[in-house]
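Look at the sequence and the model before reading on.

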Amino acid sequence: MKTEPQSFEILLVPEFAEDGRGTSDTRGALRSAIVTATGETGSSGYPRYVGDGMEADIDPATRSVEALLVDGAELDYGLSVRVADVQGG
């Protein structure tokens with residue numbers, strides 16, 4: 001039986017590279033947070049993770065962020081979110 005990860009690192013990155021193409025490079029993260037599972041399900045139907053000013057519903061199978069609040073507000077335009085595994089998480 002596979003268990004869901006108990007924590008992830010969320011990285012906020014610029015949505016586009018300088019040439020206008022999307023980027024998956026997380027080295028230029030503007031902000032990051034380690035979020036931990038709350039044991040609750042968010043309104044999106046996925047597990048809720050909270051920490052360091054961020055609250056996210058994350059699909060643990062695909063690492064997709066289905067909902068995100070940063071300091072209680074929705075993500076600003078021009079920013080994108082990436083999810084990374086946490087050692088021991």
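The model is predicted. Side chains of opposite charge can pair when their charged atoms come close.

| Pair | Distance, N to O |
|---|---|
| R31 and D71 | 2.8 Å |
| R48 and D57 | 2.6 Å |
| R63 and D85 | 3.1 Å |

### R31 and D71

Start with the salt bridge between the side chains of R31 and D71, at 2.8 Å from N to O. R31 belongs to strand β2, which covers residues 31–41. D71 sits in the loop between β5 (64–70) and β6 (79–85). The two are 40 residues apart in sequence, so their pairing ties together separate parts of the chain. R31 has a relative accessibility of 28% and counts as partly exposed. D71 is exposed, with a relative accessible area of 55%.

### R63 and D85

What are the locations of D85 and R63? D85 lies in strand β6. R63 lies in the loop between β4 (54–59) and β5. This pair ties together parts that are 22 residues apart in sequence. The closest N and O atoms of the pair are 3.1 Å apart. D85 is exposed at 54% relative accessible area. R63 counts as partly exposed at 29%.

Are R48 and D57 buried or exposed? R48 is buried, with a relative accessible area of 17%. D57 is also buried, at 1% relative accessibility. Both values fall under the 20% cut-off, so both residues take the buried label. Their side chains meet in a salt bridge at 2.6 Å, N to O. E55 joins them: R48, E55 and D57 are linked in a network of salt bridges.

### The chain as a whole

How many helices and strands does the chain have? There are 0 helices and 6 strands. From the N terminus on, the order of elements is β-β-β-β-β-β.

The chain has 89 residues, and 27% of them count as buried. R48 and D57 are among the buried residues. The accessible surface of the chain is about 5,800 Å². Carbon and sulfur atoms contribute 46% of that surface.

Of the contacts with a separation of 6 or more, 42% join residues 24 or more positions apart.

Note on methods
Residues are numbered from 1 along each chain as its sequence is written. This is a predicted model: local features need pLDDT of at least 70, side-chain atom pairs count only at pLDDT 80 or more; totals for chains, interfaces and linings use all residues. Side-chain values use heavy atoms; hydrogens and water are left out. Helices (H or I, at least four residues) and strands (E, at least two) are DSSP runs, numbered from the N terminus. Buried means under 20% relative accessible area, exposed over 50%, partly exposed in between (1.4 Å probe, protein chains only). Contact means heavy atoms within 4.5 Å. Accessible areas come from the Shrake-Rupley method with a 1.4 Å probe; for residues, only the protein chains shown count as cover. A salt bridge is a side-chain nitrogen of Lys or Arg within 4 Å of a carboxyl oxygen of Asp or Glu.
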